[in-house]
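I opened the notebook to record what I looked up in this structure. The entries follow the order in which I went through them.

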Amino acid sequence: MKEKVFSGIAASPGIVVGQAYLFDVEEAAVSPHPIPEKSVGAEIARFEDALIATRKELINIRQELADRAGRKVTDLFDAHLLVVEDRTLIAEVVKGIEEKRLNAEYVFQSVIKEYTKAFLQVEDGYIKERLSDIRDVARRVLHNLTGSKRADLASLEEEVVVIAPDLSPSDTALMHREKVVGFATDAGGKTSHTAIMARSLEIPAVVALGNISAAVSTGDPLVVDGTSGQVILFPSRATLARVKREQTELLRFETQLEELKDRPAETRDGFRVTLAANIEMPEDLPSVVSHGGEGVGLYRTEYFYLNRVDLPDEEEQYQAYRKVAKTLHPASVIIRTLDLGGDKFNSALEIPPEFNPFMGWRAIRFCLERQDIFKTQLRAILRASREKNVKVMFPMISGYGELKRVLRIWEETKNEIRRQGVPFHQDMEVGIMIEIPSAVVMADELAREVDFFSIGTNDLIQYTLAVDRVNEKIAYLYDPLNPAVIRLIDQVITTGHRHNIWVGMCGEMAGDILSIPILLGLGLDEFSVSPVIIPEVKKLISSLRLPEARELAQEVLSYRSADDIRAAAKKVISRTAPRLLKAEQSRVRPAGSG
Amino acid sequence: MPEIVKDIKIENKLGIHARPAARFVQLSSRFSSDIILKRGEEEVNGKSIMGVLMLAAPQGSTVKVIARGVDAETAMEEIEALIKSKFGED
């Protein structure tokens, strides 16, 4: 058989070879038949039993998934469960059975068909994809009603690559990596729940292949490349050899990352930087530890205030800060004070809606006015500092006068706590976020007042380039490698170092593969990134030499365009860590993140 | 029967998609009041996931929330807080 290549969407990375297993979910055949009047009650009860059975199945699947892939993905089944509990849907079916005196299967299927029709008219693609969730539940209910056994991916006997027209989230959830080495489907998208689940279960997958299920028979040999988005049917000997090479390379790469875990972030010639994690709550700690993070460079505290109608008290905050500080001791933990506003709100605070919230009443501006809330947080931070590994950081500082006001409140709070005899770290390091261009301009004056700077690139880029990156029309203008951004960052680091304070970065740019060599060369002392990407960042830093990073940084400081800067950075990485460049290019970015 | 009606703007990036819809239904189901959602001509039961999904309220759209029943006031407060918090997303 001649090799045949199919191209689709890369849904979950990794490359595997295996034998195809054609999985086709047959719709249960349903025909109408009349129900005698006296049996209407029993028919409704039968329908309700099927709902209860389906609910049980879904809860079991969710539990199994939670054990294997963690809590985050199990949310995907909340909508499934709500469909089984949907009062309107249930009422419509019950009414249908009563009025038409027809069997539950038939009435249920017709109601679902009506919904399907309505859903197909919705313009929003994201909502349309939810149709697969509803069909998934409906199929389960029908199988429970008819008592027919459904094909099931949990009980496979041998290792296979699953090929299907489409896979429901619940089918995917039941796959085991030991048996299903990969899968490929005709339908689907990158943000479909099936794709998200495949990534969590670490099963390589390609979706949206069009007609693969018609071209493949069970037993056919094939390759699923979830990194490039290709499926190769009847792979040639040369293809198999290439796959083998890639698998070996990938395995070696993963082993290298694993080996780096307990080592510091250090260049090949022994220059050390701090590689810390950004976290939101104590629940993130296991991830920091398992990925080898060296402390926390940004502890966002907004989480306490969101999704609730009241305000968090001092004790609640203290317990959380203390837990983080104790767990990571002696590594340091930088707590950023409240950064509410912009796009983050608490309903008890009644922050009025603004036309331009990112430039409005937010973060430190809000805290300076609501000093009651601010001081409560400062007290909690101070109390958690006993082990001397806590640092405090103020967001959105725009100038000298503002910083002095903040520091005055900080000293007042320290005095209050001191008078009460509560132990705390008297010389706690105090830093500010540099995220407003005016703070860069005034960095010389600000550096005299604090112990460190942490560059918040998400806002700094947006304010410097005047780009709202949420606006899709202009999102292309949002570029960390814009020469203006690089020069500003250089200015911050140089000024900080002139005043003998360290300079870190906690925005997304600190984890951007192409930016890292430049930042290293500019002299950044600390990189704080999302825990999951720590191994990759560490790998990149450890494959560079300081002189080459410095040379790159000096070179790009003279460049006039982001494209030139990007090309120069790529050149360095393709020489030192080509695998990372490849991973970067095929990176799957989840929808709706950040 | 107390009835409260309020127009609320949807601000999270993807509008009311699956997860927010689920959270909306979970919340409104906790109240004995009827919760009705309206957008343009469409009117759906706020306790029905199918209904809320079908409303497909995108970012920037305004939905009319109607709470009718003894606990209408608390229901409206908490629903408004949920929508304003962007369903904890973004």
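Entry 1: I started with A:Arg272, which forms a salt bridge with A:Glu294; their closest N and O atoms are 2.9 Å apart. I then looked up where the two sit. A:Arg272 is in the loop between α11 (237–260) and β9 (274–279) of chain A, while A:Glu294 is in the loop between α12 (285–290) and β10 (296–299) of chain A. The pair is 22 residues apart and links distant parts of the chain. I noted that the model is a predicted one. A:Arg272 has a relative accessible area of 43%, so I wrote it down as partly exposed. A:Glu294 has 27% and is therefore partly exposed as well.

**Entry 2: a buried pair.** Next I took A:Glu314 and A:Arg383, which form a salt bridge with the closest N and O atoms 2.8 Å apart. This pair also links distant parts of the chain: A:Glu314 lies in helix α13 (residues 314–328) of chain A and A:Arg383 in helix α15 (residues 371–383) of chain A, 69 residues apart. Are these two residues buried or exposed? I found that both A:Glu314 and A:Arg383 are buried.

Entry 3: I looked up A:Asp459 and A:Arg362, whose side chains meet in a salt bridge at 3.3 Å, N to O. A:Asp459 is in helix α19 (residues 457–465) of chain A, and A:Arg362 is in the loop between β11 (333–336) and α14 (363–369) of chain A. They are 97 residues apart, so I counted them as another link between distant parts of the chain. Both A:Asp459 and A:Arg362 are buried. I also saw that they belong to a network of salt bridges that includes A:Glu302, A:Arg336 and A:Asp339. Over all chains, the structure holds 35 salt bridges.

**Entry 4: domains of chain A.** I wrote down the division of chain A: domain 1 (4–25 + 152–236), domain 2 (37–146) and domain 3 (272–585). The C-alpha centres of domain 1 and domain 2 of chain A lie 26 Å apart. In this pair of domains, 17 residues of domain 1 are in contact with 16 residues of domain 2. The area buried between them is about 1500 Å², and carbon and sulfur atoms give 60% of it. How many salt bridges does the rule find across this interface? It finds 0.

**Entry 5: one buried valine.** A:Val206 lies in strand β6 (residues 205–207) of chain A. Its relative accessibility is 0%, which is why I listed A:Val206 as buried. Leaving aside neighbours within four places in sequence, I found A:Val206 in contact with several residues, among them A:Ile9, A:Phe183, A:Val224 and A:Val231. The C-alpha atoms of A:Val206 and A:Glu114 are separated by 31 Å.

**Entry 6: a surface patch.** A:Tyr400, A:Val441 and A:Met442 form a nonpolar patch on the surface, together with about 270 Å² of accessible area. I placed A:Tyr400 in helix α16 (residues 400–419) of chain A. At 34% relative accessibility, A:Tyr400 counts as partly exposed.

**Entry 7: chain B.** I counted 3 helices and 4 strands in chain B. From the N terminus on, its elements run β-α-β-β-α-β-α. Buried residues make up 56% of the 90 residues in chain B. The accessible surface of chain B is about 3800 Å², and 43% of that belongs to carbon and sulfur atoms.

Conventions: Residues numbered from 1 in each chain as written. Chains lettered and ligands numbered in written order. Predicted model: local features only at pLDDT ≥ 70, side-chain atom pairs only at ≥ 80, totals over all residues. Heavy atoms only, no water. Helix = DSSP H or I, 4+ residues; strand = E, 2+ residues; numbered from the N terminus. Buried < 20%, exposed > 50% of the residue type's maximum accessible area, 1.4 Å probe, protein only. Contact = heavy atoms within 4.5 Å. Patch = residues over 30% accessible without salt bridge, like charges linked within 9 Å, V, L, I, M, F, W, Y side chains within 5 Å. Areas by Shrake-Rupley, 256 points an atom, 1.4 Å probe, with all protein chains shown as cover. Salt bridge = Lys/Arg side-chain N within 4 Å of Asp/Glu carboxyl O. Domains from an automatic or database assignment. Buried area = accessible area lost by both parts, 1.4 Å probe.
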